[in-house]
Amino acid sequence: MDFSIIELDDEHCALQKEVRAFVDEHITDEVRANEHDTGDNFDEGVHLAMGQRGWIFPEWPADRGGAGLDPLGARIVELELMKGGLPWTLWETTRWVILAVEKYASDAIRDDVLAGAAAGSVRCCLGYTEPDGGSDIAGAKTRAVRDGDEWIINGAKMFTTGAHMCKYTFLITRTDSSLPKHKGLTMFLVPLDAPGIEIKGLRAFSGERTNAVFYDDVRISDDYRIGDVNAGWAVLHGPLDVEHGVGADVTGLKDISAGINIARQMHWTLDVVTAWANTPGPDGTLPADDPVVRYRIGAVAVQLEAALHTPGPAGKVKCSEALNDGAAELLDLLGPVGLLSYGAAGAIADGQVDFAHRYAQGAATYGGTNEVFRSLIAEHELGLPRAEFPGSRKFLTGSGS
Amino acid sequence: MDPFELRRLDFSLDEDHEAIQDAFRAFFAKECPTSVVRAAEPLGYDAKLWSRLLALGVTSMPLPAESGGDGAGMVELSLVAEEFGRALAPVPLVEHMVASRLLAAAGGADDIVADAMDGSRLLGLAFASLSSPTLVSSAAVADTIVGLDGDELVAVTAVGDRALLPNQACLPYAIVDASAEKRSLLAADGRALFARAVREWKVLAAASLIGLTEGALGPALEFVKSRRTMGVVIGTLQGVSFPLADVAIGVAGGRNLVRRAAWFLDHDQDAEPALQFAALAYAAQVATHGVTVAQHVQGGLGFTVEADASLYFLRAKGWALAGGDPRQDAARVGELRLTTAPTR
């Protein structure tokens, strides 16, 4: 057990300064304004500049395009960039996908993809969810059919966030519908510029942009297959476990759950409201002088504290619920002025609380709905028997699971 | 926790921690089954269990080496408190440990500390001012109650038996009237000493509530794994499994929060001063929700006296309230947040 402040040697101190200078130089007001306009949560210029410094994969050696940092160095890079407001979506998804690429990609594409990802020119998004499938990603219906050395893909995916800024999508496809549900799946790294792909933008009411992606007779080489045919579920497991926050950390230098970025939104939001409470209102009184205000801020802070301490899949649920409940409560506390959005005259902190309240709704679904996580906890942590639904056997023809 | 601060986030237990945890878990499993908890009602005290606990060193553990103790830290004590809570042990262990540390820190009460260490004298804590008669959760069995009277830190020793006031939690509640008991002054201005003791109590009480909640979860899980309705095991129903998952989520976060709050008291007590209050406020919420879910998933059987679920349910509130309204702890967290400049 150790929660001490980490004393930095000269080398790590210099790195911290370097990342802070990077933030000042690259994560500019223009980047932030653009982020509000596009809802991309990604900035290519910043990402490429990170790639130049080896910070997309900070622990990779320099000859692979990394910065050769130790785990502490990587932690410094991550904390400083996130504190600086890095638009991070594709940094995260690319790193998850690369876990599978490293392990399973064909010799024909592996090195180019890894080098491009480290440089920043190659980004990857997640092609998991389908229009009528929701969180049941193993129920994928998008079909891939072999044709000689190629595959022909037909189907549609939803919520492929960042597809319009990525070279590849990490696609889960059905390659054998006669096999049990989890056994007829194959993963591909599909180039998004292939003919037959159409990307349609979708806006969330938080302002974030995601995409629907349609695949109409898309032909790709077998080189883009990731892992064995019909072994997709095992291939997906590595990236999915990281996304769900499953797995132990022994360094004390990692976030303890996948909900951390959601909790960080709550942290910023609470800071905004704390600053508001410490600022005299029109009548000259401080909101913070009101014990009711102090209690309500404290009650939200307790839930945030709990969220920041909740590990693994449980942490994802707790972080999103702390934000969901907390943002709604803080909006009530601010009153109508809290509703003023980014760009409105008089909006508090550029409408951060308004944004958090909108963003929270999606946060309960990102990476799988909170219900998916509850099922995971019920089955794996509490040892409750798994529910049998008709869909569990949808692709089952013989006996077996 | 500042989610951008460069601190280690290592919640792992070392071998010594695990040894403490194993020893106390095994002890309570053997010496404190629910039949012992029931037999101790309504007083909430089992003298035999207390004497067996002495052999495990629970009274010397919390005291510093200068006082002849074993010098355990708050992290170690929180592990003990969690196991104590899981077993619903009918002894005022948390109050005794914190009060003995407070007396040792105050100095000048070596005789009481010596008695507390050999277990011959039970100590309790008064959270409200002792300037007027006040309700104390351990006073029907504790000999000496430590608390503030104005700014003064005082120890109040009973001259006769204090009458038990029967209560929901089967805790040994009684009135302490300092004017009618033997009152000794420990410090003219004991506020800082007492404030530290309160933070220690918050952490250990929170640890015991987390243990209690997980204890309640055990029989509830066993029940829903075997009970069937309309042809299915009820544990497969999301209306049953999801509330239980929520309890587990609360326990997991509450436990980490407790341990980190304990660690800060041991290593960096001025940093994150709200942690201990947040730990208690959250543990009280987790326990209130947890015992309710745990009894409810057992349907009509859950709220019968025969069901062990009732034992957890009836104690959760009483343990949390022994130190006052947990919402005041949330208010305290708010005050501390407001007086610390935002980081952005």
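**Two chains and their contact in a predicted model**

The secondary structure of chain B comes to twelve helices and eight strands. Chain B has a radius of gyration of 20 Å, close to the 20 Å that the globule rule gives for its 344 residues, so this chain is as compact as a globular protein of that length. The model described here is a predicted one. When contacts in chain B between residues at least 6 apart in sequence are taken, 73% of them join residues at least 24 apart.

One residue of chain B may be followed in detail, namely D149(B), which lies in strand β3, the stretch of residues 144-149. The C-alpha atom of D149(B) is separated by 27 Å from that of L77(B), a residue 72 residues apart from D149(B) along the chain.

In chain A there are likewise twelve helices and eight strands. The radius of gyration of chain A is 22 Å, close to the 21 Å given by the globule rule for 401 residues, and chain A is therefore as compact as a globular protein of that length. The C-alpha trace of chain A spans about 75 × 50 × 45 Å along its principal axes, while buried residues make up 45% of the 401 residues in the chain. Of the contacts in chain A between residues at least 6 apart in sequence, 69% join residues at least 24 apart.

Within chain A, helix α5 (residues 89-104) and helix α6 (residues 107-119) pack with their axes 11 Å apart and at an angle of about 155 degrees. Since angles over 145 degrees count as roughly antiparallel, α5(A) and α6(A) are therefore roughly antiparallel to each other. The crossing in which α5(A) passes α6(A) is left-handed. On the side of α5(A) the residues involved are T94(A), I98(A), V101(A) and E102(A), and these meet R110(A), V113(A), L114(A) and A117(A) in α6(A). By class, this contact of α5(A) with α6(A) has five nonpolar residues, one polar residue and two charged residues.

Between the two chains, 50 residues of chain A are in contact with 49 residues of chain B. The elements of chain A that give two or more residues to this side are α4 (71-83), α8 (260-277), α9 (291-309), α10 (312-334) and α12 (370-381), and the largest share, twelve residues, comes from α9(A). The residues on the side of chain A that touches chain B divide into 31 nonpolar, eight polar and eleven charged.

A contact of α9(A) across the two chains is with helix α8 (residues 238-267) of chain B, where the two helices pack at an angle of about 95 degrees with their axes 8 Å apart. That angle makes α9(A) roughly perpendicular to α8(B). From α9(A) the contact is made by E305(A), A306(A) and H309(A), and from α8(B) by G253(B), G254(B), N256(B), L257(B) and R260(B). These residues divide into two nonpolar, four polar and two charged.

Terms used
Residues are numbered from 1 along each chain as its sequence is written. Chains are lettered from A and ligands numbered from 1 in the order in which they are written. This is a predicted model: local features need pLDDT of at least 70, side-chain atom pairs count only at pLDDT 80 or more; totals for chains, interfaces and linings use all residues. Helices (H or I, at least four residues) and strands (E, at least two) are DSSP runs, numbered from the N terminus. The radius of gyration is taken over C-alpha atoms; the globule rule is 2.2 Å times the number of residues to the power 0.38. A residue is buried if 20 or more other C-beta atoms lie within 10 Å of its own, exposed if 12 or fewer, and partly exposed in between; C-beta atoms are placed from the backbone. Two residues are in contact if their C-beta atoms, placed from the backbone, lie within 7 Å. Axes are lines fitted to C-alpha atoms, for helices over the stretch in contact, and angles run from 0 to 180 degrees between N-to-C directions. Angles under 35 degrees count as roughly parallel, over 145 as roughly antiparallel, 65 to 115 as roughly perpendicular and the rest as oblique. A crossing is left-handed if the near helix is turned anticlockwise from the far one by less than a right angle, and right-handed if clockwise. Ala, Val, Leu, Ile, Met, Phe, Trp, Tyr, Cys and Pro count as nonpolar, Asp, Glu, Lys and Arg as charged, and the others, Gly among them, as polar.
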